[in-house]
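Q: I have a model open and want to go through it before setting anything up. Can we start with the charged pairs?

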Amino acid sequence: MTSPRLALVAAACGVLALSAAGGVFPIARAEAASPGALPAPKMDVALPAAGKMETAVLSGGCFWGIQGVFEHVKGVKKVYSGYAGGPGVMAQYELVSTGTTGHAESVQIIFDPQQITYGEVLRIFFTVATDPTQVNMQFPDEGTQYRGEVFYANPDQKRVAEAYIRQLNDAHVFKKPIATRVDPLKGFYKAEDYHQDYLVRHPEQPYIATYDIPKVAMLRQVFPDRYIATPTTVFPLEPSKSQPARTAKAS
């Protein structure tokens, strides 16, 4: 639940204004030097044969919002919330939430590279879904489980991810250096069912409304050619009764 000290004032273009004890402060998608979409990657993964799906595993804060963003991206066939970076035996929400298992809350994005490339997935991720300059946190969520990380599945993904981060840093598109790590994928473990499609199922839940709905709105505004109105969900859309609390704290 959101702290009662915070009251939603306005949300537009990926930026929220929240009233707090100290006044009004912005919560933006990132500390970008200028608004709008980030530059397209100069390097990308070569297109595979038609019909072959590709997979990207990314972490950058709570998986609810990142999954929710990519469920609205054209060319994405499925997005799963889950855990990466730690052992499978400990890939459980209660354990990962302690910040001691080595996992990061992550998403697995299965996409058609004929419709959207790996580089474009990264471009949307860094523009809309996360603030890549934050270290071991993402706005109200603190801990290593909320770190920014690109988990590459092969040398091509590693090459493209490192080149794109270098490209963005060299162009100074953010006011601070990108802190997102690039590490090999050792395993992705799907999160519990009640975490899947969480943004789509609970758009009015305080945490979602405060931190994640603006990301989807920004996707629609900044990448109109990539945005699809009907989300590609893990499960058929139907009301869910399970709504675990996530605390949104004033910084």
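A: First the term: a salt bridge here is a side-chain nitrogen of Lys or Arg within 4 Å of a carboxyl oxygen of Asp or Glu. By that cut-off, aspartate 183 and arginine 181 form a salt bridge, at 3.1 Å from N to O. Keep in mind that this is a predicted model.

Q: How many salt bridges does the structure hold?
A: The structure holds 9.

Q: Which residue forms a salt bridge with glutamate 149?
A: Arginine 181 does, with the closest N and O atoms 3.5 Å apart. Glutamate 149 sits in strand E9 (residues 148-152) and arginine 181 in strand E10, so the pair links distant parts of the chain, 32 residues apart.

Q: Is glutamate 149 buried or exposed?
A: Glutamate 149 counts as buried because its relative accessibility is 2%, under the 20% limit. Arginine 181 is partly exposed, at 41%.

Q: What about aspartate 212, which residue is its partner?
A: Lysine 215, with the closest N and O atoms 3.5 Å apart. Both residues lie in helix H6 (residues 206-222), 3 residues apart, or about one turn of the helix. Aspartate 212 is buried at 1% relative accessible area, and lysine 215 is buried at 10%.

Q: And which residues do shared partners join into one network?
A: Arg147, Glu149, Arg181 and Asp183, through their salt bridges.

Q: Switching to threonine 180. Where is it found?
A: Threonine 180 is in the loop between helix H4 (155-170) and strand E10 (181-184). With a relative accessible area of 8%, threonine 180 is buried.

Q: What does threonine 180 touch?
A: Leaving out residues up to four places away in sequence, threonine 180 touches Phe126, Pro132, Gly148, Glu149, Val150 and Ile165. One of these, Glu149, also forms the salt bridge with arginine 181.

Q: Now the surface. Which residues form a nonpolar patch there?
A: Val89, Met90 and Leu95, with about 250 Å² of accessible area together. Leucine 95 belongs to helix H2 (residues 93-96) and is partly exposed, at 32% relative accessibility.

Q: Last topic, confidence. What does the chain average in pLDDT?
A: The average is 86, and 81% of the residues score at least 70.

Q: Where does pLDDT stay under 50?
A: Over residues 1-29, for which the model has 73 contacts beyond four places in sequence, and over residues 247-251, for which the model has 14 such contacts. Where pLDDT is low, the predicted coordinates should not be read in detail.

Conventions: Residues numbered from 1 in each chain as written. Predicted model: local features only at pLDDT ≥ 70, side-chain atom pairs only at ≥ 80, totals over all residues. Heavy atoms only, no water. Patch = residues over 30% accessible without salt bridge, like charges linked within 9 Å, V, L, I, M, F, W, Y side chains within 5 Å. Areas by Shrake-Rupley, 256 points an atom, 1.4 Å probe, with all protein chains shown as cover. Helix = DSSP H or I, 4+ residues; strand = E, 2+ residues; numbered from the N terminus. Buried < 20%, exposed > 50% of the residue type's maximum accessible area, 1.4 Å probe, protein only. pLDDT = per-residue confidence, 0-100. Contact = heavy atoms within 4.5 Å.
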